[in-house]
Every structure is written in structure tokens, then in C-alpha cells.
Number of protein chains: 2
Amino acid sequence: MKYSQLFGKTSKTKIGGSDLISHQYLTRGGFIAESVAGRYFFLPLGWRVHEKIKAIIAEEMNAAGAQEMITPVLHPLELWQETNRTNTTGFELMQVTDRRGGKFALGGTAEEMMVDVVRKFQHTYKDLPFNIYQFSTKFRDEARARGGLLRVREFTMKDAYSFHPNEENFKLEYQKMSEVYHRIFERLGLKTLKVEADNGYIGGEYCHEFQVVHPKGEGRFFVSEDNKYVSHEDIATFQLKPINPEETPAKIEFIEQPKWVKTMEDNQKNYQKPAQFFLKNVVYRSEQGDIIIVTIRGDLEVNKIKLERVLNLVGQLEEATVEDLTAIGTQPGYVHSWGHKFVTPRKAASENRDCRVIYVADYSLKTVTNFIGGQKEETTDSINVNYGRDFTHEIEADVALAQDGFLSPDGSSVLREERGIEVGNIFQLGYHYSNLMKNATFIDSDGKAKPYYMGCYGIGLGRTMATIVEKHHDDAGIIWPKTIAPFAVHLISLNGAEEVAQEVYDYLINNNVEVLWDDRSESAGRKFADADLLGMPNRLVVSPRNERRVEYKARQSQESVVLSKEEALEKIVYG
Amino acid sequence: MKYSQLFGKTSKTKIGGSDLISHQYLTRGGFIAESVAGRYFFLPLGWRVHEKIKAIIAEEMNAAGAQEMITPVLHPLELWQETNRTNTTGFELMQVTDRRGGKFALGGTAEEMMVDVVRKFQHTYKDLPFNIYQFSTKFRDEARARGGLLRVREFTMKDAYSFHPNEENFKLEYQKMSEVYHRIFERLGLKTLKVEADNGYIGGEYCHEFQVVHPKGEGRFFVSEDNKYVSHEDIATFQLKPINPEETPAKIEFIEQPKWVKTMEDNQKNYQKPAQFFLKNVVYRSEQGDIIIVTIRGDLEVNKIKLERVLNLVGQLEEATVEDLTAIGTQPGYVHSWGHKFVTPRKAASENRDCRVIYVADYSLKTVTNFIGGQKEETTDSINVNYGRDFTHEIEADVALAQDGFLSPDGSSVLREERGIEVGNIFQLGYHYSNLMKNATFIDSDGKAKPYYMGCYGIGLGRTMATIVEKHHDDAGIIWPKTIAPFAVHLISLNGAEEVAQEVYDYLINNNVEVLWDDRSESAGRKFADADLLGMPNRLVVSPRNERRVEYKARQSQESVVLSKEEALEKIVYG
């Protein structure tokens with residue numbers, strides 16, 4: 001294609017709203033254009049990349065036996081009500097009402113729709129398993145768009161859903177999809193880490209994210225030095241070692257303490273001991289109004305996601321306010337590790353009962369003998385406090401946040417904190433949807449109707465495209481992997497070489513090579529700069545100086561060679 | 001692919017809601033499944049057809065130099081407000097508000113979005129023309145869905161938009177697209193008629209529909225016997241010949257008339273003359289409240305669409321009520337061809353003025369000498385009334401509805417009424433959008449900013465797919481054209497022939513033939529019936545009787561032959 005005829009031009013102007021290099025290069029290169037925040041046009045050049053990514057995903061999914069189909073974009077809202085997801089999606093569901101009063105959700109994910117179409121058919125165990133997928137527009141009413149394609153409000157997602165007779169059968173597909181994903185991303189030029197993660201709003205018990213390590217990624221996860229353990233921050237665990245096993249429990253005492261001792265730092269200064277020897281209490285309030293007090297070792301932080309999962313209150317905890325503390329007779333800095341109750345009873349938000357104060361003990365409490373703290377007042381505190389002897393909580397669990405340098409769960413390695421971009425994910429859904437939705441059953445070999453065991457598998461195409469740019473570029477522009485470059489060749493004709501350029505162009509096209517020919521009457525400098533920005537893997541320059549020969553340069557290389565067009569073709573095809 | 005693993009099964013049950021054969025076969029064949037009325041899942045088999053149709057359209061559009069891209073599904077509502085289309089789309093626009101209060105339309109067509117992205121770039125005349133297109137989901141809040149894919153509320157549309165420096169340049173593209181459309185539909189197995197049509201809600205001055213003749217189509221149009229004239233009913237014209245040119249005008253008279261003469265039929269009976277000799281008055285009311293009286297020859301009907309265009313009141317006319325007639329001092333059956341005024345002044349709905357009575361004369365009034373009627377009272381009427389002598393209207397125009405058997409506009413042929421399914425359309429938009437939207441300009445060769453001259457071009461993919469089934473089927477099922485059949489071959493293995501079937505299957509797959517292998521343990525009868533319903537162009541049967549040979553039958557043929565697999569391959573590939 002001739003560049004002069006291409007819709008979408010390059011621009012030298014820095015784009016506002018985001019300093020992500022993918023946003024800069026994709027916009028300035030004329031691959032994408034913003035409609036409104038978080039919603040993008042894909043211009044012809046960008047759409048070519050998008051569709052090549054799509055083709056690779058489809059090829060690998062089909063090879064794995066998955067079948068492409070499509071669901072309507074508008075989902076009957078009653079389906080989302082059937083699974084109680086209208087208010088618990090984790091993202092704001094966009095809704096629309098038609099002229100007949102019909103209510104619809106704009107598809108965010110399609111579990112309900114897929115279960116709905118599957119239950120229209122009378123399947124038996126012989127029809128299972130199957131994996132059906134689609135490429136369709138997904139809507140997320142994000143509070144904040146990031147600029148560029150990394151976090152948007154509308155995007156094409158490949159979402160696949162598999163249906164199985166049982167968990168054993170599902171696990172084969174889960175493993176297969178994991179391998180398919182690695183292969184897809186490898187073909188796209190992305191090295192991914194499979195990160196165990198929180199299942200979040202999708203339902204089900206476990207899932208894995210495919211993360212591309214990147215300092216500006218929104219995902220935080222931990223990788224053990226031996227690469228055996230890869231886990232999202234939300235659920236990462238680590239090994240706790242006893243801090244002072246040689247010490248013997250002393251008698252608990254309530255002692256005087258200077259009035260200036262208020263914070264954890266003051267404590268450390270006053271007692272000349274590191275944070276791990278102090279008890280820390282962190283307070284939350286649930287949607288019902290219950291107060292949750294987590295007691296944890298002073299050097300650790302509470303992981304709210306883990307805590308919510310332990311309490312089965314996913315998405316329902318908030319930090320307690322000063323009013324909450326007052327309601328249980330205390331104030332910031334003086335929460336006790338035992339004994340708080342509501343001063344006057346408080347009614348639960350929607351349940352017919354009084355609110356409770358729930359104490360949770362992090363496992364770290366068992367690693368220290370003779371804690372300081374637990375009943376701190378303005379001028380006194382308790383010392384030699386021992387968990388299990390002086391106080392015990394009704395719930396004991398791992399609710400601590402992992403940190404860089406901690407021991408891996410099996411203790412054999414050290415955890416490294418990483419940031420990454422999540423380009424795909426695979427989810428175990430189990431019976432979550434098939435139990436909530438009526439008639440989502442098949443007839444098993446014993447003649448009985450049983451719910452489907454399910455999994456789902458997603459890839460965001462625009463985010464993947466941006467991530468490829470994040471990983472493949474230099475100071476001058478994009479360096480597209482050959483598999484998805486919009487054109488294989490960027491042909492530049494300098495003044496006076498138009499005729500030879502036409503010959504080379506025709507020759508390459510006739511040999512099935514995709515060529516973008518910059519045929520404009522721009523300066524050589526401008527053309528070279530645009531070629532670097534657009535990032536085709538192979539650059540050819542024809543100029544009167546080289547007569548009928550062409551100057552070949554790989555995008556990522558600094559060196560060029562002058563070749564015949566036949567030699568250039570060989571370079572392009574065989575690398 | 002093995003049929004046992006295909007998601008989506010055949011069904012023998014007749015589908016309710018529509019007797020369209022395409023709906024029956026596509027649903028019963030497991031190609032599509034209804035979500036809610038007017039919204040469909042495309043199951044894997046149906047999606048294969050859909051995507052093959054898409055590939056053919058894309059191939060032809062690309063070959064014609066058009067460039068594929070994509071716009072967001074959600075269009076900022078302010079763009080639709082910029083062109084005053086929020087209330088005048090001709091379809092109910094679906095709207096949605098996001099959590100930040102941003103208002104969006106669910107894309108029905110994308111003129112505004114395309115102009116919006118184009119105006120982000122500083123184009124000069126050198127960048128023109130270009131034609132950009134997309135395949136994207138379109139939403140129409142139709143009051144009535146038809147059942148099946150012919151009239152739905154959500155569908156994939158190929159919509160293309162071309163931008164030109166002037167009308168001359170546009171006309172080349174309009175002609176090119178017309179040829180591209182014929183070629184596309186030909187490749188899809190559809191014979192289309194290019195029908196001149198009403199531009200409707202899109203704006204612009206003229207357009208053409210691509211209609212496939214079908215008795216259940218919603219489009220009505222006229223074709224001249226010599227095929228030179230093809231025009232939609234809404235705008236079809238015809239030649240009027242003088243009815244009684246030999247007669248000379250007589251003196252107008254006001255005569256007695258029996259009281260029983262009320263209707264046109266009564267008139268014909270009483271005067272023993274055909275309807276064409278009588279004056280007919282048809283009354284409408286505009287949105288502003290004006291009364292429009294159309295006087296037309298008694299044998300003709302008023303074409304409301306034509307009338308609205310003449311008056312520049314598209315979509316704004318309704319039949320007058322009894323109250324309207326009372327307001328101008330008359331009643332049904334006694335409207336005069338002259339002289340009506342408002343008895344008491346009426347205010348226009350939103351304009352600061354009094355309503356008016358507007359008389360329109362159809363050209364047919366000039367074809368009769370000595371009309372009867374014009375001032376009919378209960379017991380009197382006028383005769384020998386001559387237009388231009390006894391009365392003249394302020395507006396004279398062609399506002400008559402064409403009818404089967406009328407003369408073509410040039411008088412050389414006769415019009416035949418046809419019904420058809422509109423599978424595509426091409427529109428001249430002219431300056432409609434570029435004038436309404438700010439900065440929709442390019443820099444012309446004279447250095448001046450000028451608005452783009454535009455056209456647009458649409459094809460509905462689902463409707464095209466259903467139309468193909470409407471035209472290609474028999475009593476047993478679909479007969480897919482080879483170009484878009486989901487699989488080239490339907491392979492049936494009868495009991496005991498599984499091994500040979502596997503061999504044939506592998507052989508064909510290795511020769512790049514798409515095969516659906518019915519490997520189920522169903523009866524031969526069930527398998528043959530399903531093969532007919534699903535409609536692959538080639539059927540192969542392997543059975544123990546034929547040992548290693550296969551029985552070949554083309555779907556549309558009654559005869560089968562027994563061949564080696566190599567011979568079968570040749571049949572399949574070379575027909």
C-alpha cells in the first residue's frame with residue numbers, strides 16, 4: 001500500500017494524558033486515535049496489527065479444539081440477576097433499556113450468556129467437553145482510564161468458556177489452555193509469567209494471570225528466586241520463621257510508658273527493639289457494620305484481599321473510621337488486641353441482628369515470644385504478651401502481605417516483587433454459574449442431570465498490542481515482531497527513484513510480501529524518521545545513488561546493506 | 001471437524017415466531033440461536049458462514065482500495081447532537097450513560113464517528129479520496145423483529161465511508177462501489193438489483209439499494225420490462241399519458257347529484273365513468289399543524305414519501321384527522337379542491353406563526369380534460385373542472401404512487417412491481433455531514449479549507465446470510481454456495497466404516513479441504529437428513545458395502561457415484 005493513500009498520519013507532537021511509550025508511539029504513528037477517554041479508534045495501520053494478533057489467537061485456540069462463535073453485545077439483564085452479578089462484578093456494569101422496557105447489560109464478560117446458550121441444548125456426557133469462544137467488544141465502566149490501550153473502557157476480548165462433566169476433565173483443559181496461552185504470547189513476542197491470582201469477581205476458586213514483567217504494569221506479584229513460586233500480591237504467601245525461639249515466655253506486665261510514645265516508630269525508639277516485637281491492630285468495617293480487628297506482627301501489613309477471602313466478605317471491607325473506633329470505645333493508636341465491644345449496640349445494615357466485633361489473628365503472632373503492646377493506653381502498655389496464653393482470637397489465618405525479600409512458602413528461596421501487565425487470564429469457575437443458573441445441566445452416563453463444571457479464559461487484544469509496543473521499541477519508535485507487523489516491508493523512495501521503487505514494490509507484492517511504500521514527496525529525513533516510528537521489521541530504500549539496487553536495513557539493526565531486489569526478498573522472507 | 005464435538009445440534013422441531021425458511025433452517029441446523037427477540041447467537045457453524053461472508057466482502061473492499069479500521073461501539077452523544085440526528089434517525093437510537101455522566105449512543109450507523117476521526121487529521125487535497133470501513137455491531141431499537149436474521153435489533157454491518165474533494169471525484173467512487181457490490185453479492189450466490197431509493201434518515205440526496213427479489217421481502221420496488229428502470233416504491237415515477245386529449249374543455253357547472261353518492265365507487269357508478277375522471281383530495285397534517293391537501297387523479301394514490309420530499313418535511317406528515325377537517329370547515333368525503341382555510345386560526349406547534357392550508361397538485365391533474373368533482377357537497381358536485389383554468393395550486397409536483405403495469409418514466413416499457421430483501425445500500429451524502437460538523441474540512445489546491453464531499457456504503461452480514469438461505473434451499477434444507485459453505489464436505493460414516501472414514505477424513509484435511517465428519521452413532525437416516533439440513537455442497541458416505549471407496553453426491557443433485565478418495569477429492573475441488 002502506498003503511504004500517501006493510507007488513512008492515518010504520523011505526528012511529532014507528544015501526546016498528553018499518559019507517558020506510556022505505547023500510547024505515545026501508537027498515537028503518533030497513526031495506529032490509534034482517541035475518541036473519548038478510554039475509547040479508541042483503531043486506524044487502518046493499527047487494525048492490521050489487531051487483526052494479526054486475533055488471527056494468531058484464533059489459530060491456536062482452534063488447534064486446541066476450541067470453537068469460535070459470537071454472543072450478542074447486549075445481554076438480557078435478567079441473566080446477570082440470575083447470578084447476582086448486577087452489583088458484584090468488580091467493575092461498573094453499563095446498562096441500557098430499550099423502547100419496550102427491556103433491560104440489558106453491555107457485556108463485560110459473557111459467562112451468563114454462554115451458559116444461557118448452552119442450556120438451550122440437551123447435552124449428554126458424550127457431547128462434553130467443549131470450549132466455545134468469541135472475539136467481542138467488552139465494556140468496563142472504569143473510573144479511571146490510563147491513556148492508551150492498557151486500561152480502557154471498551155475493547156476486544158477473546159473470551160473462551162469450557163464445559164466439562166467433572167473437575168478432573170476440566171483440569172486437562174485448564175492445563176491445555178495454559179500451554180496454548182504461553183504459545184500465543186510467545187508467537188506475539190511476549191514472555192509471560194503464569195501468576196496464581198485472586199479469582200475476584202468472576203466466581204470460582206482459583207485462576208492464573210499471564211503477566212508480562214513491566215515497571216509500569218498495574219499488577220504486583222512475587223516470584224521466588226528459583227522461579228517455582230509465582231503469585232499475585234493479593235494472595236501471595238510466604239514462610240514465617242520464629243523470631244526469638246530461644247526466649248522463654250515471661251510474665252505479662254502492664255507498665256508505665258512515656259506520653260510521647262504514639263506510633264510504631266516511637267515504640268521502636270522507646271524500647272530499642274525492631275517492629276517485629278510489637279503487636280499491631282488494624283481495624284476494618286464490613287458492609288453489615290461489623291468491626292474486624294486484625295492483630296498482626298508489627299513489621300507486617302495486612303493483606304485486605306486475603307482477609308476478605310478468609311471472612312468470605314469479598315469486596316465488602318473498608319478501613320474503619322474514627323466513628324467506628326468510638327463505637328467500640330477506643331480511638332486511633334489505642335486499639336487493644338482484646339476486649340473491644342460495641343459501647344451501644346449497632347444494628348447490622350441489612351441483616352436482622354446486632355453488629356459484632358470480630359478479632360482475627362495473623363499466623364505471625366505465633367512467631368514471637370514476649371510481644372510488646374496489645375493494651376496500649378496513653379501512658380501505659382502491656383509487655384511480655386504471648387499469643388495463645390494471654391489472648392486468643394476466634395479466627396487464625398494468613399492475612400499478611402508478602403514483601404520483597406521474604407521467604408518463599410516452602411522456605412527454599414527468596415521472593416522478588418515484580419510489576420507486570422496482565423495480558424491474559426484463565427479461571428476455574430467450577431459449579432459457580434451452573435449452580436446459580438437454572439437447567440445448566442447435562443445428562444451424565446448414569447442418566448442423571450448434573451451441573452456443568454466450567455472454566456473460562458480471556459485475552460485482551462488491545463492491551464496485548466500495547467504491551468508488545470512496551471516491550472519492543474527504541475527511542476525512535478516501535479520495533480514490531482514479524483508475526484504481527486502491519487507490513488513486512490517499509491519501502492522508501494527518495495526523489496528520482498520512483499520508477500525503481502515501483503518495480504521493487506510490484507516485485508515484492510507479486511511475491512506475497514506486504515509492503516508499505518512511502519511514496520510522498522517528503523524529505524529523506526522525515527521518511528526515515530517515520531519508518532523508525534512505524535516499526536516495520538524490514539526497511540528498503542531506493543535512491544538514484546544505488547541505481548536499481550536497494551538499501552536493506554532491519555528495523556532493530558544499525559547496519560544497512562545494498563542488495564538486488566532478489567537478495568532483499570530473501571532477507572525479508574528468511575531473515 | 002467431528003460433528004460429535006461440534007457445539008450446536010440439529011433439531012426437528014419447527015421454530016415459532018416466523019415462517020421464513022431461513023429462520024427455520026438456520027435455527028434447526030444449529031447455525032444460530034435466539035437470545036431474546038431480534039438478538040442472536042451465531043453458533044460455531046453459523047459463525048463460519050458469517051466469517052466467510054465477511055472475508056469476501058473485505059477482499060473486494062480492499063481490492064477497491066478501501067481501508068478497514070474500527071470505531072468504538074459507544075458514540076459520544078454530542079456527535080449525534082452536532083448533526084441533529086438524536087431524534088431523526090429513522091430508528092430508535094439506544095442511549096447509555098456512564099458512571100461519570102457521559103452520554104453515549106449505541107452505534108446505529110457511524111457517519112458522525114467517521115467524520116470525527118477524519119477531522120482529527122489535517123488533510124489536504126493530496127490525501128483525498130479515501131474510503132474507510134469497518135465491520136462492527138450495529139444497534140437498531142426496532143419496534144418489531146421479524147424472527148430470524150432478516151430484521152434484527154443487533155447485527156454486524158460492513159459500513160464504509162468515503163471522503164472526496166468534490167462531487168465529480170465522489171461519483172467515481174460511487175460507481176466503483178456499485179460494481180464492487182455486484183461482485184460481492186455475485187460471489188455470495190445472490191443476484192441483486194440496484195434499486196434507486198429514498199435517502200431516508202442518512203441525509204444526502206440519492207442512494208441505491210441492492211435488492212434480492214423475494215416474495216417475502218420488505219422492500220417494494222418497480223422494474224421496467226426492459227430492465228432499464230429500477231426504482232423503490234418510495235420514489236418510483238412513471239409516465240402519465242393524456243387520458244382524453246381529443247376532448248375540449250367544457251364550461252364548469254355545479255350540478256345536482258343523488259344523496260347516495262359518497263365514495264369514489266359511488267361516483268363511478270353514478271356517472272358511468274372510470275376513476276381517472278374524478279378529482280380526489282387527500283389530506284395530511286404536518287408536525288407544525290399545517291394542513292396539506294393533495295389533489296390527484298381519482299385512479300391514483302398519493303405517495304407520502306414523495307410528498308414529504310417535495311415539501312421538505314421528511315417524516316413529518318400524518319393523515320389528517322376528523323378534527324383537522326373540522327378545523328378547515330369540512331368533513332371526510334367532502335374536502336374541496338380549493339378554498340379551504342382555517343375556520344379559527346391555529347398556532348404552529350413550535351414556530352411563531354399561524355398554521356396554513358397548503359394545496360398540492362399532482363401532475364396527473366394535467367392529463368384529464370373536464371374532471372368531475374372538486375367541490376362536492378351532499379347533493380351537488382362540480383363537473384367539467386379543468387386544472388389551470390378553474391383552479392391552480394401553489395405547488396405542482398409528482399406525488400403519485402407507481403403501480404404495477406404503469407408506463408416506465410420514458411414511456412418505452414411497462415413497470416412490474418417486485419418485492420425484495422435489501423442486502424446492501426450505497427448513499428451519496430454530499431456535504432450533509434461535513435457542513436453540520438465543525439472543522440470537517442480539508443485544504444484544497446487553492447489553499448482554502450473546504451468541506452469533504454462524502455458517500456457511505458453498507459452491507460448487513462446476518463441479513464445477507466439469511467437471504468442466501470432464502471434463495472438456496474430445497475424442502476430438505478440449505479444448499480450453501482461453495483464460496484461460503486461452513487465446510488466443503490459433509491462426511492458420513494455408517495456403522496462399521498469408521499476406519500475408512502478416518503482415512504478419508506485425514507486425506508481430505510491434508511489436502512486442505514474443510515470436512516465435517518458425522519461420526520455419531522446415529523441411524524443412517526438421521527445422518528442423511530442432517531446432511532441435507534446443514535447443506536454442505538458435497539456429501540461423502542463411507543459404508544462397509546463400498547469397502548474403501550466413497551459414495552459422492554453433490555447437495556443439489558439426486559444422483560450419487562462411488563469413487564476412490566482421490567477421485568472424490570477431484571470432484572470436490574474441481575466440481
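In helix 2 of chain A, A:Val49, A:His50, A:Ile53 and A:Lys54 meet A:Leu461, A:Thr464 and A:Met465 of helix 10; contact here means C-beta atoms, placed from the backbone, within 7 Å. This is a predicted model, in which local features need pLDDT of at least 70 and side-chain atom pairs count only at pLDDT 80 or more, while totals for chains, interfaces and linings use all residues. Residues are numbered from 1 along each chain as its sequence is written, and chains are lettered from A in the order in which they are written.

**Where chain A touches chain B**
- Here 40 residues of chain A are in contact with 40 residues of chain B.
- Strand 2 of chain A gives the largest share of chain A's side, four residues.
- By class, that side of chain A has 23 nonpolar, seven polar and 10 charged residues.

**Helix 1 of chain B**
- Seven of the eight residues of helix 1 (21-28) of chain B are buried, with 20 or more other C-beta atoms within 10 Å of their own.
- The buried residues of helix 1 pack against elements of chain B including strand 1 (32-36), helix 2 (44-63) and helix 12 (524-534).
- After helix 1 of chain B comes B:Gly30, with a positive phi near 80°.

Conventions. Two residues are in contact if their C-beta atoms, placed from the backbone, lie within 7 Å. Helices (H or I, at least four residues) and strands (E, at least two) are DSSP runs, numbered from the N terminus. Ala, Val, Leu, Ile, Met, Phe, Trp, Tyr, Cys and Pro count as nonpolar, Asp, Glu, Lys and Arg as charged, and the others, Gly among them, as polar. A residue is buried if 20 or more other C-beta atoms lie within 10 Å of its own, exposed if 12 or fewer, and partly exposed in between; C-beta atoms are placed from the backbone.
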